[in-house]
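Work through the exercises below with the structure open beside you. Try each task before you read its solution.

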Amino acid sequence: MSARLDRIDLKMLRLLQNNGRLSNAELAETVAISPATCHRRTQRLFEDGFIATVRAMVAPKKVAKGTLVMVGVVLDRSTPESFATFEQAIAKLKFVLDCHLVAGDFDYFLKIRVGDMEDFNRIHGEQLIALPGVRQTRTFFVMKEVVDNAPLEF
């Protein structure tokens with residue numbers, strides 16, 4: 001962790017991570033600094049990259065995206081070029097929430113939200129297996145989300 005973060009910065013990060021809707025005045029009062037100082041510190045946390053963005057967490061079921069699917073992907077070649085080509089293509093697919101290069105039996109793990117199994121079947125047949133370099137996919141339908149998007153511990 002950066003030596004540039006003091007205990008007030010860390011407290012601000014924890015508070016904002018748990019509630020991004022805190023007003024500057026509420027945040028300042030909670031960490032016992034002036035609103036002007038709080039605003040400057042918050043801006044610095046953004047500028048220095050400690051806070052990447054602020055966004056609302058939409059309830060997937062409320063927008064007909066209640067089915068969570070994890071997909072393991074194996075590419076036909078393990079070269080920097082094939083990885084780069086795959087990554088450029090996968091980044092364009094809006095239904096992919098996360099894509100991680102991993103070690104082990106798969107090259108990538110994808111996190112995908114869809115409406116239902118039929119929706120995923122269509123996406124899989126039309127788009128996923130057509131991605132450049134894909135040799136194999138293995139699909140895991142999530143039965144229960146036990147922990148999802150937990151706050152970072154620091």
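The exercises that follow concern a predicted model.

**Exercise 1.** Find how the axes of H2 and H3 are oriented to each other.

Solution.
- Step 1: Take the crossing angle. The two axes cross at roughly 100 degrees and come within 9 Å.
- Step 2: Apply the cut-off. Angles of 65 to 115 degrees count as roughly perpendicular.
- Step 3: Conclude. H2 and H3 are therefore roughly perpendicular to each other.

**Exercise 2.** List the residues where H2 meets H3, then sort them by type.

Solution.
- Step 1: Start with H2. Its contact residues are Asn24, Leu27 and Ala28.
- Step 2: Turn to H3. Here Pro35, Cys38, His39 and Thr42 take part.
- Step 3: Sort them. The contact has four nonpolar residues, three polar and no charged.

**Exercise 3.** Classify Cys38 and Cys99 as buried, partly exposed or exposed. Then give the number of disulfides.

Solution.
- Step 1: Recall that buried means under 20% relative accessible area.
- Step 2: Cys38 has 0%, so Cys38 is buried.
- Step 3: Cys99 has 29%, so Cys99 is partly exposed.
- Step 4: A disulfide needs two cysteine sulfur atoms within 2.5 Å. The count is zero.

**Exercise 4.** Locate Ala32 and Asn149, and describe phi and exposure for each.

Solution.
- Step 1: Ala32 lies in the loop between H2 (24–31) and H3 (35–47). Its phi is positive, near 65 degrees, although Ala32 is not glycine.
- Step 2: Exposed means over 50%. Ala32 has 67%, so Ala32 is exposed.
- Step 3: Asn149 sits in the segment after strand S4 (134–141). Its phi is also positive, near 55 degrees.
- Step 4: Asn149 has 52%, so Asn149 is exposed.

Terms used. Residues are numbered from 1 along each chain as its sequence is written. This is a predicted model: local features need pLDDT of at least 70, side-chain atom pairs count only at pLDDT 80 or more; totals for chains, interfaces and linings use all residues. Side-chain values use heavy atoms; hydrogens and water are left out. Buried means under 20% relative accessible area, exposed over 50%, partly exposed in between (1.4 Å probe, protein chains only). Helices (H or I, at least four residues) and strands (E, at least two) are DSSP runs, numbered from the N terminus. Axes are lines fitted to C-alpha atoms, for helices over the stretch in contact, and angles run from 0 to 180 degrees between N-to-C directions. Angles under 35 degrees count as roughly parallel, over 145 as roughly antiparallel, 65 to 115 as roughly perpendicular and the rest as oblique. Contact means heavy atoms within 4.5 Å. Ala, Val, Leu, Ile, Met, Phe, Trp, Tyr, Cys and Pro count as nonpolar, Asp, Glu, Lys and Arg as charged, and the others, Gly among them, as polar.
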